[in-house]
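Here's a quick tour of a protein model, written for someone who likes to know which links hold which parts of a chain. Have a look at the structure first, then read on.

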Amino acid sequence: MNVLFNAADYIIHPFDLGANGIIIVSSVSGTGEDPPQVNWRQCGAGNLGVAGTVGLAGTTATVPNGLDVDPLDNIIIAEVYYDYKPLIFDNIVENTQISRAAIHSPRISALISIQRDPGQTDGCP
C-alpha cells in the first residue's frame with residue numbers, strides 16, 4: 001500500500017496531494033444474505049479530512065454506483081479525493097473537490113485481510 005501511496009505523489013505532480021488530497025483503499029466482501037461488509041481500509045498519500053463513502057472496517061459497505069457484491073466475492077475499492085485550487089485563472093475557475101472511485105476484483109485470491117506493522121493504524125481521518 002505504501003508503494004501505491006508514494007507513487008501517487010509523482011502521478012499528480014505538480015499538484016500537492018499531501019496537503020490537498022487523500023487516497024482511501026477498502027476491501028469489501030459479500031456475506032451471503034447480509035449486506036456486503038468492509039474487511040479493512042487503508043488511507044494515505046495525503047492528509048485531507050475526508051472519510052470516504054465505503055465505510056469503516058467491520059461495518060456494512062456502501063458500494064459506489066449501487067454495485068451488487070456476490071455473496072462469495074471480494075472487491076477492492078479505491079477512492080481519491082482532491083481539493084482542487086487552480087494554479088492560474090483563480091478568479092475564473094472556482095475551487096472544488098474532485099473525487100473518483102475505482103472498483104477492482106483481486107485475481108489470485110481474496111484480499112480480506114491486511115498486514116500492518118505493530119502499532120500501525122489504517123491512517124484514515
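## The disulfide

A disulfide here is a pair of cysteine sulfur atoms within 2.5 Å. Keep in mind that we're looking at a predicted model. Searching the whole structure with that cut-off turns up one disulfide. The partners are Cys43 and Cys124, with an S to S distance of 1.9 Å. They come from distant parts of the chain: Cys43 sits in strand E2 (residues 34-44), while Cys124 is in the segment after strand E4 (96-104), and 81 residues separate the two.

What about its handedness? The S-S torsion of Cys43 and Cys124 comes out at about 90°, so this disulfide is right-handed. Are the two cysteines buried or exposed? Both Cys43 and Cys124 are buried.

## The salt bridge

Side chains of opposite charge can pair when their charged atoms come close. A search of the whole structure gives one salt bridge. Arg41 makes it with Asp122, and their closest N and O atoms are 3.8 Å apart. The cut-off for such a pair is 4 Å, so 3.8 Å gets this one counted.

Arg41 belongs to strand E2 and Asp122 to the segment after E4, so this pair ties together parts that lie 81 residues apart in sequence. As for burial, Arg41 has 4% relative accessibility and therefore counts as buried. Asp122, with a relative accessible area of 23%, is partly exposed; the limit for buried is under 20%.

## The fold around them

Now for the wider setting. The protein has two helices and four strands. Starting at the N terminus, the order of elements is α-α-β-β-β-β.

The C-alpha trace spans about 50 × 35 × 25 Å along its principal axes. If you take the contacts with a separation of 6 or more, residues 24 or more positions apart account for 62% of them.

## Surface and charge

How much of the protein counts as buried? The figure is 32% of its 125 residues. The protein exposes about 8100 Å², and carbon and sulfur atoms supply 54% of that area.

Key: Residues numbered from 1 in each chain as written. Predicted model: local features only at pLDDT ≥ 70, side-chain atom pairs only at ≥ 80, totals over all residues. Heavy atoms only, no water. Buried < 20%, exposed > 50% of the residue type's maximum accessible area, 1.4 Å probe, protein only. Contact = heavy atoms within 4.5 Å. Areas by Shrake-Rupley, 256 points an atom, 1.4 Å probe, with all protein chains shown as cover. Salt bridge = Lys/Arg side-chain N within 4 Å of Asp/Glu carboxyl O.
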